[in-house]
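Have the viewer open as you go.

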Amino acid sequence: MSDTRKILIADDSRVAAHLLGEIIESIEGCEIVDNATSGEQAIEYYDKYMPDLVTMDLSMPGIGGMEAVRRIIEKHPDAKIVVVSSLGGAQDKLLEALEAGALSVVSKPFDEDKAISVFKKLLGLK
Amino acid sequence: MSGIIPKFFGQYLLEKDLLTKDQLIDSINYQKSKILKLGEIALQYEYLSDKQIAKIHNEQKRTDMRFGDLAVQMGLLTAAQLEEIITIQKNNHIYLGEAICACGHMDEETLDRELNNFKEEQKAVPPIEVMIKEDIPVKELVEISVDMTEKMMRRLGDMISKSGQIKREKECIKNLGVISYMEFKGDINARYVLNVSWDIGFQIAKRTFKKDDLPYDEELIKDTVSEYVNIVCGNIRSKVLETGKKLEFQPPVTITDKTSDSLAVNNNEYATVIPGYTQIGNYELAVVTRI
């Protein structure tokens with residue numbers, strides 16, 4: 001069995017997905033399986049790949065990221081989802097995302113060290 | 001170092017692994033439960049009766065107005081009374097740290113130590129350095145917008161940016177290449193507009209992708225400007241929240257000069273335009289609000 005951790009990026013921005021991809025690929029043992037660009041596609045890709053971690057942008061077309069978090073968690077309660085947010089230090093949105101089932105939040109613009117630390121912790125990597 | 005992004009104490013504790021997600025949710029909910037409702041305060045100060053509060057709640061079901069604003073509109077509270085009640089509410093809230101301790105998720109010694117560490121880290125978040133003398137609508141939002149846009153031009157675009165003389169645009173904002181805008185709603189209703197040349201957009205894209213030889217791709221430049229505005233507005237929102245005001249925003253809308261040569265300004269709108277100058281070229285930042 002492979003030790004590679006599968007990561008799904010859910011972000012409709014090519015730029016944001018690229019930046020996140022660079023951070024994730026710098027972590028040894030992580031592989032990006034795909035890039036979903038809507039809330040609906042994030043749910044579909046979760047079922048398809050069963051990733052070890054999902055990074056979820058909140059502002060996405062369709063049902064959006066927050067609803068996608070809720071629906072994925074409803075079906076897969078153990079799903080590991082990190083919300084990626086450009087909302088800065090907004091306590092209300094962070095609380096909503098955590099209550100929806102996300103495990104943590106990474107802010108844009110990305111602080112690489114902090115983001116890596118959050119991803120590694122959730123993936124059980126040292 | 002996080003640099004620009006202000007964050008709240010709970011996010012800091014979460015990132016540091018000092019609090020679990022469930023403990024944070026528990027503490028925030030406890031903190032919320034301790035906030036006195038405006039109606040409770042009004043009742044305590046005998047500004048409103050039980051019957052009047054029920055009447056306002058009933059009316060709230062038919063409108064999307066907040067309790068205090070509705071009470072004033074219905075003539076049950078004066079604006080001065082509402083302001084007094086809101087001040088009392090603000091002065092009586094408990095801090096998140098107190099809530100965390102009250103819930104038993106951290107002892108006071110650890111809290112004090114981590115609060116100090118958090119404050120040290122947040123010192124890296126620079127204050128707003130822009131002061132505008134002119135009398136313009138939503139001045140505070142304009143100041144924050146100018147400050148954040150300049151800082152992000154430096155950080156994300158590696159460009160030195162300086163702002164020029166403020167002007168009012170009455171008809172339209174002429175597209176310099178790529179215009180991306182976001183609508184703010186809440187305590188402030190306004191539109192943040194960034195209007196950049198293709199050269200500046202390309203520079204931001206090259207720095208974002210860390211590739212000086214990045215192929216020129218207009219779709220990618222458009223996407224980069226859109227993401228840039230998304231990040232700037234997220235930081236503007238954080239700064240506005242620090243002042244106690246609430247602000248929501250919609251995802252950015254981006255248009256290029258290939259499809260639209262300008263962005264219209266309606267008769268009932270006030271567009272404050274601030275030109276920006278960089279070594280790559282010029283851009284315009286605008287804040288449009290209804291008058």
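## Two chains, question by question

Domain 1 of chain B and domain 2 of chain B have C-alpha centres 33 Å apart. This is a predicted model, where local features need pLDDT of at least 70 and side-chain atom pairs count only at pLDDT 80 or more, while totals for chains, interfaces and linings use all residues. Residues are numbered from 1 along each chain as its sequence is written, with chains lettered from A and ligands numbered from 1 in the order in which they are written.

Q: Into which domains is chain B divided, and what are their bounds?
A: The bounds come from an automatic or database domain assignment. On that basis, chain B splits into domain 1 (9-122) and domain 2 (139-290).

Q: What percentage of the residues in chain B is buried?
A: A residue is buried if 20 or more other C-beta atoms lie within 10 Å of its own, exposed if 12 or fewer, and partly exposed in between, with C-beta atoms placed from the backbone. The C-alpha trace of chain B spans about 65 × 50 × 35 Å along its principal axes. Of its 291 residues, the buried ones make up 36%.

Q: In what order do the elements of chain A run from the N terminus on?
A: Helices (H or I, at least four residues) and strands (E, at least two) are DSSP runs, numbered from the N terminus. Chain A has five helices and five strands. From the N terminus on, they go β-α-β-α-β-α-β-α-β-α.

Q: What is the radius of gyration of chain A?
A: The radius is taken over C-alpha atoms, and the globule rule is 2.2 Å times the number of residues to the power 0.38. For 126 residues that rule gives 14 Å, and chain A comes close to it, so it is as compact as a globular protein of that length. As for extent, its C-alpha atoms fill a box of roughly 35 × 30 × 25 Å along the principal axes. The radius of gyration itself is 13 Å.

Q: How many residues of chain A and of chain B are in contact with each other, and what classes do those of chain A fall into?
A: Two residues are in contact if their C-beta atoms, placed from the backbone, lie within 7 Å. By that test 27 residues of chain A touch 30 residues of chain B. For classes, Ala, Val, Leu, Ile, Met, Phe, Trp, Tyr, Cys and Pro count as nonpolar, Asp, Glu, Lys and Arg as charged, and the others, Gly among them, as polar. The chain A side has twelve nonpolar, nine polar and six charged residues.

Q: Are H1(A) and H11(B) roughly parallel or roughly perpendicular?
A: Axes are lines fitted to C-alpha atoms, for helices over the stretch in contact, and angles run from 0 to 180 degrees between N-to-C directions. Angles under 35 degrees count as roughly parallel, over 145 as roughly antiparallel, 65 to 115 as roughly perpendicular and the rest as oblique. The two axes come within 8 Å and cross at roughly 80°. H1(A) and H11(B) are therefore roughly perpendicular.

Q: Which residues of H1(A) and H11(B) make their contact?
A: By class, this contact has three nonpolar, one polar and three charged residues. H1(A) brings Arg14(A), Val15(A) and Ala16(A), while H11(B) brings Leu220(B), Asp223(B), Thr224(B) and Glu227(B).

Q: At what angle do H10 and H11 of chain B pack?
A: Helix H10 covers residues 198-208 and helix H11 residues 218-242, with axes 9 Å apart. Residues in the contact include Trp198(B) and Phe202(B) of H10(B) and Val225(B) and Tyr228(B) of H11(B). By class, there are eight nonpolar, three polar and no charged residues in it. The packing angle is about 80°.

Q: Is Leu194(B) buried or exposed?
A: Leu194(B) sits in strand S5 (residues 190-197) of chain B. Beyond its neighbours within four places in sequence, its contacts include Val225(B), Val229(B) and Tyr283(B). With 29 C-beta neighbours inside 10 Å, Leu194(B) counts as buried.

Q: Which loop holds Asp17(B)?
A: Asp17(B) isn't a glycine, yet its phi is positive, about 65°. With 11 C-beta neighbours inside 10 Å, Asp17(B) counts as exposed. Its place is the loop between helix H1 (9-15) and helix H2 (21-33) of chain B.
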